[in-house]
Amino acid sequence: MASFPPRVNEKEIVRSRTIGELLAPAAPFDKKCGRENWTVAFAPDGSYFAWSQGHRAVKLVPWSQCLKNFLLHGTKNITNSSSLRLSRQNSDGGQKNKPREHIIDCGDIVWSLAFGSSVPEKQSRCVNIEWHRFRFGQDQLLLATGLNNGRIKIWDVYTGKLLLNLVDHTEVVRDLTFAPDGSLILVSASRDKTLRVWDLKDDGNMMKVLRGHQNWVYSCAFSPDSSMLCSVGAMKPTDSSDVIDFPVWWNWESNMLTLVTQAYCKQVIISKGDANGVFLWNMDKYTMIRKLEGHHHDVVACDFSPDGALLATASYDTRVYIWDPHTGDILMEFGHLFPPPTPIFAGGANDRWVRSVSFSHDGLHVASLADDKMVRFWRIDEDYPVQVAPLSNGLCCAFSTDGSVLAAGTHDGSVYFWATPRQVPSLQHLCRMSIRRVMPTQEVQELPIPSKVLEFLSYRV
């Protein structure tokens, strides 16, 4: 088994330059909790970087100062446990808008993080509410933390003050995402098989519960215009008591798995709902748009391109798919195992599970993180990595706001940073992104322009 297509010489692939490391404390204050760094996040304005250190702690560092420290002191930077710690109850000290390093004690294991910023013109969707507990200003920066006990805590990033405690999920809150339009609409994804929509400008009122997943929901992401939401999760056979340890054959047309032995034949029927791990939702009407079929194992991460024309999903089936979310078509496949596993073997254990995927802000590059101790950087028009970096026990990754750095979290609570592929986008690509920000695929295909231009605008070349 290989990590790259046969035509690709692994030795010729560029190695990413290491920018720095943030290592977790050697002696955390609460040893009974896990150390996993399940999530990393950059503030929308680039002012802060945050990650879950494990042991119920979230570390926030001013991103510009962090980069300066890497340049002055080399790549390694062991997190200082004596840094200002902001507990669950406090506090308002310090200068409000001056970024400073601190630790937030969230009270339970942190599984998810998300930054949110407010636009005053964006009003609450609950128009009948005239009085609100919180008035969010233009310079407001919030941090949402999803916890092991199903709670979501909302913090003021500048002061560390706990603003809201959202209680409704019954299982782990696996992911969080804010609407990019500044409305402070927050969506949470949970192991309780639901997504919940919260309006923070209405004091954290839960507006809607989105149901459809038949198993854990791993991740969710808003489109750049906030009109669409993607959610991904686990896929589960209807009859979970059947242990599949015999030779098998899959009939995709009848959506049925046949187990063949010398003695007998047995069939396990997979329901249509269970066979889909990718869902698209209309966030104006809170209805399901479509289910995307293609992955053969749990789908654990998703991200939209900056223009909203593409959607990347990562799965334990060793693949990253690039979709057209407006049509449901698969435009590109990024494989992490060669030859690629057949559908039935893609559903089993291997050392190529893809854990995370992230779109760069240039719209040209995608990063993926897999269990084969490697981070890969892809171009959207190439089916092999253009750059790689070594990483053991990686769990999550995210691009910086300007796209120049990729951060990746690991099982031991540390974070590693690499320089990303740098390429000046062509004028054609910039024009395509400008058009696709305002036109879905269906409208593009109706334009009276040459077919080659249509293909380019539709990302089909």
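**Exercise 1. Is tyrosine 218 buried or exposed, and which ring does it pair with?**

Start with accessibility: tyrosine 218 comes out at 11% relative accessibility, so it counts as buried (under 20% relative accessible area; exposed is over 50%, partly exposed in between, with a 1.4 Å probe and protein chains only). Its partner is tryptophan 216, with the centres 6.3 Å apart and 75 degrees between the planes, an edge-to-face pair. The rule: Phe, Tyr and Trp rings (for Trp the six-membered ring) pair if their centres lie within 6.5 Å, and planes under 30 degrees apart are stacked, over 60 edge-to-face, the rest tilted. Tryptophan 216, at 33%, is partly exposed.

A word on the model: it's predicted, so local features need pLDDT of at least 70 and side-chain atom pairs pLDDT 80 or more, while totals for chains, interfaces and linings use all residues. Residues are numbered from 1 along each chain as its sequence is written, and side-chain values use heavy atoms, leaving out hydrogens and water.

**Exercise 2. Work out why phenylalanine 279 and tryptophan 281 are called stacked.**

First, the centres are 6.1 Å apart. Next, the planes meet at 15 degrees, so the pair is stacked. Finally, check burial: phenylalanine 279 has 0% relative accessibility and is buried, and tryptophan 281 is buried at 3%.

**Exercise 3. Find the charges that sit over rings.**

Apply the test: NZ of Lys or CZ of Arg within 6 Å of the ring centre and within 35 degrees of the ring normal. Arginine 191 sits over tryptophan 111, 4.6 Å from the ring centre. Arginine 432 lies over phenylalanine 456 at 4.0 Å.
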